[in-house]
Amino acid sequence: MARLVLLSEGYTGRSYELKVEQTTVGRTADNSIEIPDGSVSSHHGEFVLKGSDVVFRDLGSTNGSYLGADKITEITLKHGQVIRLGQIEMRFESAETQPAKAPSKPTANTAVIPAGINRDQLSTGGVGGAVKATDFKKKSNNSTMFFLIGIGVVALILIAILVMLATQ
């Protein structure tokens, strides 16, 4: 039996079995799968069973549907694929799982780190010289800046209201 497992925060672990021929997904309650998230369109897409295949179709959603970085309009899903509807990620799981592949040999750019690394190894190039301290960069976080600007705007509005009340 095919199913979808939601992966995004706030929805983690929710799963939906695809039992009927057509399963709609979207933000509103009239969908088979309701995902009440602002990035998901009211009628975002549909999953269609075609024999043993499951096809996903985007229904002209505002924020799009993606497989990795690729925008998709229609795709036949394979076991383990993760698709994103707006900002919500979900993994497709099929009863017809593929046999596990034997582990492949690491590529030339991959460092095998059997027991992890410590801070000294980072500064000296790591195990095998493949890991450098500069490879790890902090992600920018603009939400703090927006929060502080918002607090400043609210404070200015409150001060203006207090000044108007004091002058009456």
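Leu77 sits in the loop that links β9 to β10 (82-85); helices (H or I, at least four residues) and strands (E, at least two) are DSSP runs, numbered from the N terminus. This is a predicted model, where local features need pLDDT of at least 70, side-chain atom pairs count only at pLDDT 80 or more, and totals for chains, interfaces and linings use all residues. Residues are numbered from 1 along each chain as its sequence is written, and side-chain values use heavy atoms, with hydrogens and water left out.

Is Leu77 buried or exposed? Leu77 counts as buried because its relative accessibility is 7%; buried means under 20% relative accessible area, exposed over 50%, and partly exposed in between (1.4 Å probe, protein chains only). The C-alpha atom of Leu77 lies 9.0 Å from that of Glu93, 16 residues apart along the chain.

| Residue | Contacts (heavy atoms within 4.5 Å) |
|---|---|
| Leu77 | Phe47, Val54, Phe56, Ile83, Phe92 |
| Ile35 | Leu6, Tyr11, Val25, Gly26, Arg27, Val40, Ile88, Met90 |

Both belong to the largest nonpolar core, which has 20 residues. A nonpolar core is a set of buried Ala, Val, Leu, Ile, Met, Phe, Trp, Tyr and Cys residues joined through side-chain atoms within 4.5 Å. Leu18, Ile35, Phe47, Phe56, Leu77, Ile83 and Met90 touch the most other members. At least two core residues come from each of β1 (3-6), β6 (53-58), β10 and β11 (88-93), and β11 gives the most, with three. In soluble globular proteins, nonpolar side chains tend to be buried together.

Now to the sheet. Five strands form an open, mixed sheet in the order β4-β3-β5-β6-β9; two strands pair if DSSP finds at least two bridges between them. β4 (33-34) and β9 (74-76) stand at the edges with a single partner strand each, so one side of each has no neighbour in the sheet. Strand β3 (residues 22-26) pairs with β4 in the parallel sense over two bridges, and Val25 stands opposite Ile33 in β4.

Stepping back, the protein has two helices and 11 strands, and both helices follow the strands, as the order from the N terminus is β-β-β-β-β-β-β-β-β-β-β-α-α. Buried residues make up 27% of its 168 residues. Among contacts between residues at least 6 apart in sequence, 30% join residues at least 24 apart.

Terms used: Contact means heavy atoms within 4.5 Å. Lists of a residue's contacts leave out its neighbours within four places in sequence.
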